[in-house]
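Subject: Handover of a structure

Dear colleague,

Please find below the structure that I am passing on to you.

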Amino acid sequence: GSFPFPGKKVNAIGQGIDFSLFPAFKDRDYTKLNFVHFGRIDESKGIHEILEILMSLKQKLPNINLTFIGGPARPESIFYKGTLLNFVEKNQISSWVKFMNPIPRNELAEVLSQYNIFIHNFQGSLDKTLLEATALLLDVITINEEYRKIFGSWKSDSYTSLALELDGFLKSDLKFK
């Protein structure tokens, strides 16, 4: 799905993930819903929508925290990160929404062990972060079609939105196993 042009000269090589850096963490505490998004900060990642959805959910479920780990990869993304930080300040949600700088891959798993849910809002090709989060046994909430084709969806219908996926997750008891 990431390269949809089959041919004799095309070989799938995977995402190049060193799975020894992403050991499965099986025991997670769900008394708090600790959401994390890691990867580059870019408008294509739908981070603003993640913020809005979790802001509306925070009223019903006050035990939510959200952390973004990563940085802008392009000059335009620096401006985008600034708009996100302004949004957090304007809406007075900095007590539960945090932004962290990028973390080296060999240290990422240890930091991610503090979280229980990876939230992802990119519809393009299969993101490497989705597979890394899955290797760690984080619960993954995403709209990414390539991921959902392989690992399934929290909603049973073919069309989804991040809000619907989150709703399906919250109604599921799978996260508590």
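Helices (H or I, at least four residues) and strands (E, at least two) are DSSP runs, numbered from the N terminus. Just after helix 4, Leu-137 takes a positive phi of about 65 degrees.

This is a predicted model, in which local features need pLDDT of at least 70, side-chain atom pairs count only at pLDDT 80 or more, and totals for chains, interfaces and linings use all residues. Residues are numbered from 1 along each chain as its sequence is written, and side-chain values use heavy atoms, with hydrogens and water left out.

The chain as a whole

The chain holds six helices and five strands. Read from the N terminus, these elements follow the order β-α-β-α-β-α-β-α-β-α-α. Of the 177 residues in the chain, 45% are buried, where buried means under 20% relative accessible area, exposed over 50%, and partly exposed in between (1.4 Å probe, protein chains only). The accessible surface comes to about 10,100 Å², and 54% of this surface belongs to carbon and sulfur atoms; such areas come from the Shrake-Rupley method with a 1.4 Å probe, and for residues only the protein chains shown count as cover. Among the contacts in the chain with a separation of 6 or more, 66% are between residues 24 or more positions apart; a contact means heavy atoms within 4.5 Å.

The five strands form an open sheet in the order 3-2-1-4-5, with parallel pairing; two strands pair if DSSP finds at least two bridges between them. Strand 3 (97–100) and strand 5 (139–142) stand at the edges with a single partner strand each, so one side of each has no neighbour in the sheet. Neighbouring strands of this sheet are turned against each other by 25 degrees on average, direction ignored; axes are lines fitted to C-alpha atoms, for helices over the stretch in contact, and angles run from 0 to 180 degrees between N-to-C directions.

Strand 1 is largely enclosed by the rest of the structure, because six of its six residues are buried. Leu-33, Phe-35 and His-37 point one way from strand 1, while Asn-34, Val-36 and Phe-38 point the other way. Strand 1 runs parallel to strand 2 and is joined to it by six bridges; Leu-33, for instance, has Ile-64 of strand 2 as its bridge partner. The chain passes from strand 1 through helix 1 to strand 2 in a right-handed β-α-β crossover. A crossover is right-handed if, with the strands pointing away from the viewer, the path from the first strand over the helix to the second runs clockwise. Helix 1 (residues 47–58) lies across strand 1 (33–38), strand 2 (64–69), strand 3 and strand 4, and runs at about 165 degrees to strand 2.

Strand 1 is also joined to strand 4, by two bridges and in parallel, and Val-36 stands opposite Phe-118 in strand 4. Phe-118 in turn has Val-140 of strand 5 as its bridge partner. The crossover from strand 4 to strand 5 goes through helix 4 (residues 128–135) and is right-handed.

Helix 4

Seven of the eight residues of helix 4 are buried, so this helix is largely enclosed by the rest of the structure. The buried residues include Leu-130, Leu-131 and Glu-132. They pack against strand 1, helix 3 (105–112), strand 4, strand 5 and helix 5 (145–151).

Two buried residues in other helices

Glu-165 lies in helix 6 (residues 162–171) and is buried, with a relative accessible area of 1%. Its side chain makes a polar contact with the side chain of Thr-160 at 2.9 Å. A polar contact is a pair of N or O atoms within 3.5 Å; within protein, one must be able to donate a hydrogen and the other to accept it, and residues adjacent in sequence count only if both atoms are side-chain atoms. Beyond its neighbours within four places in sequence, Glu-165 is in contact with residues including Ile-141 and Thr-142 of strand 5.

Ser-77 is found in helix 2 (residues 75–90) and is likewise buried, with a relative accessible area of 1%. Not counting residues up to four places away in sequence, Ser-77 touches Ile-41, Asp-42 and Pro-72. The C-alpha atoms of Ser-77 and Ile-41 are separated by 6.5 Å, although these residues are 36 residues apart along the chain.

With kind regards
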